[in-house]
Amino acid sequence: MERFADRILAWWDRHGRHDLPWQHPRSPYRVWVSEIMLQQTQVATVIPYFERFVRRFPDLAALADAPLDDVLAHWSGLGYYARARNLHRAARACMAQHGGTVPASAAELEALPGIGASTANAIISQAHDRPLAILDGNVRRVLARHAAVEGWPGQRAVHDRLWAEAESRLPAARGADYTQAIMDLGATLCTRSRPACEACPVSRDCVALARQQVDRLPSPRPGLKVREKNLFVLIQQRDDGAVLLVQRPPAGIWGGLWSLPEADSLEALADRFGLDARSLSTLPSFGHRLTHRKLTIHPACCPPDAATGIQDSRGRWCKREQWQALGIPSPVLRLLECLSEFQG
Ligand code: SF4
């Protein structure tokens, strides 16, 4: 039987994705940006964000020079904003410590904010065409199933076992293509639910398939608790259409982004601005899911005559063209866009 890597490469040559924007050109900077965007987000979602991001920040120097607000604005909607903050800090570190280049050694890359061992190897293998082990979510799933590795991959022992599996399957050459190929296999065939095993190039020796364990591997995280939270947000709008936004603290959910003023209850929200809760008109609530939290967002509008007098020390009155240029959490952005469309 052909080696694992050869079968995956032959499959990728015929069926893989060869036209992703970060493949042309596959420069270290572009690969790095794409890898950070892809950490918790699917390829189809990332593509338009990537294109917009590299148009605005075409190289390390442009990214390092930009204000953080501008970087967050170009990340707005992708979620997991710590990634954008780390990317920005790392770009500045590359300018200061690495002569304005993305380092080509795993140790130097891992010393930068937001880059772990797998991401470092993914960047080097694709930018410098070297066969190196990676373990992103897609690859973890392929290997956990193909080798039938039991246990949650977040546990050190399980992670180490999967890392060893990844290393033992590397090809001697075509490192960049192999990295893309195994990620593509996980994203398009060996999917979380209903994988297309009949079309898979490594099905003949897939242990999970032979043992009928595909559905339960990789093992889920034991006892993951999702907390529920109610978020009451206040929409204050002046006669000229400007809404009041406040910048969130740098750490925590949506750190550093601009959002509507919020509180845990309608009364607390009204209190914060010296308003009577009964004077606020509520809009329909809606849900938003974060990794460990289920948010229910309850928007409330302030009476128009009360809005112009309201001040908030961290706040900024923004017209549509101004808030469109800020980093805003996606559910809040959707709310502002709906409001703006509704008002014509
Ligand atoms: S045979 Fe199925 S479960 Fe096994 S690696 Fe291929 S797609 Fe994944």
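Okay, let me start with one term: a cavity here is a set of grid points where a 1.4 Å probe fits but cannot get out, and its lining residues have an atom within 4 Å of a point. One more thing before we go in: this is a predicted model.

So, with that term in hand, let's take the second largest cavity. It is lined by Leu132, Ala133, Ile134, Val139, Leu143, Glu165, Ala166, Arg169, Leu170, Tyr178, Thr179 and Ile182. Helices H9, H10 and H11 are the elements that give two or more residues to that lining. H11 has the largest share, with three residues. The space inside comes to about 60 Å³. If you sort the lining by class, you get nine nonpolar residues, one polar and two charged.

Arg169 lies over the face of Phe4, at 4.6 Å from the ring centre.

How many cavities of 30 Å³ or more are there? The count comes to two. The largest cavity has a volume of about 130 Å³. There are 15 residues around that largest cavity, and Cys190, Cys197, Cys200, Val202 and Cys206 are the ones nearest its centre. Helix H9 supplies three residues there, the largest share of the lining. By class, the largest cavity has 12 nonpolar residues in its lining, two polar and one charged.

The largest pocket has a volume of about 1,500 Å³. Its lining takes in 43 residues, and if you want to find the middle on your screen, look for Gln39, Gly137, Asn138, Arg140 and Arg192, which lie nearest the centre. Which helices go into that lining with at least two residues each? That would be H2 (28-38), H3 (43-56), H8 (117-128), H9 (137-146), H10 (156-168) and H11 (175-188).

Two or more residues come from each of H2, helix H6 (82-97), strand E6 (286-289) and helix H16 (330-342). H6 gives the most, with five residues. What I'd point out to anyone new to this model is the domains: the lining of this second pocket draws at least three residues from each of domain 1 (4-216) and domain 2 (227-342). Its classes are 15 nonpolar, 14 polar and four charged.

Next, the aromatic rings. A pair of rings is described by how far apart the centres are and by the angle of the planes. Searching the whole structure turns up four aromatic pairs. Take Tyr29 and Trp32: their ring centres are 6.4 Å apart and their planes sit at 75 degrees, and since over 60 counts as edge-to-face, that's what this pair is. Both residues are in helix H2, three residues apart, which is about one turn of the helix.

Buried or exposed, then, for Tyr29? Tyr29 has a relative accessible area of 7%, so it is buried. Trp32 is at 1%, and counts as buried too.

Another edge-to-face pair is Phe53 with Trp75, at 5.9 Å centre to centre and 85 degrees between the planes. This one links distant parts of the chain: Phe53 is in helix H3 and Trp75 is in helix H5 (residues 68-75), 22 residues apart. Both Phe53 and Trp75 are buried.

Last stop, a loop. Ala104 lies between H6 and helix H7 (106-110). Why does Ala104 count as partly exposed? Because its relative accessibility is 38%, and partly exposed is the range between under 20% for buried and over 50% for exposed. Ala104 and Ala91 are 13 residues apart along the chain, and their C-alpha atoms are separated by 14 Å.

Conventions: Residues are numbered from 1 along each chain as its sequence is written. This is a predicted model: local features need pLDDT of at least 70, side-chain atom pairs count only at pLDDT 80 or more; totals for chains, interfaces and linings use all residues. Side-chain values use heavy atoms; hydrogens and water are left out. On a 1 Å grid over the protein atoms alone, a cavity is a set of points where a 1.4 Å probe fits but cannot get out, and a pocket is an open set with protein on both sides within 12 Å along at least five of seven lines; lining residues have an atom within 4 Å of a point. Grid points are joined across faces, edges and corners, and a volume is the space filled by probe spheres set on the points. Helices (H or I, at least four residues) and strands (E, at least two) are DSSP runs, numbered from the N terminus. Ala, Val, Leu, Ile, Met, Phe, Trp, Tyr, Cys and Pro count as nonpolar, Asp, Glu, Lys and Arg as charged, and the others, Gly among them, as polar. Domain bounds come from an automatic or database domain assignment. Rings of Phe, Tyr and Trp (its six-membered ring) pair if their centres lie within 6.5 Å; planes under 30 degrees apart count as stacked, over 60 as edge-to-face and the rest as tilted. Buried means under 20% relative accessible area, exposed over 50%, partly exposed in between (1.4 Å probe, protein chains only). A charge sits over a ring if NZ of Lys or CZ of Arg is within 6 Å of the ring centre and within 35 degrees of the ring normal.
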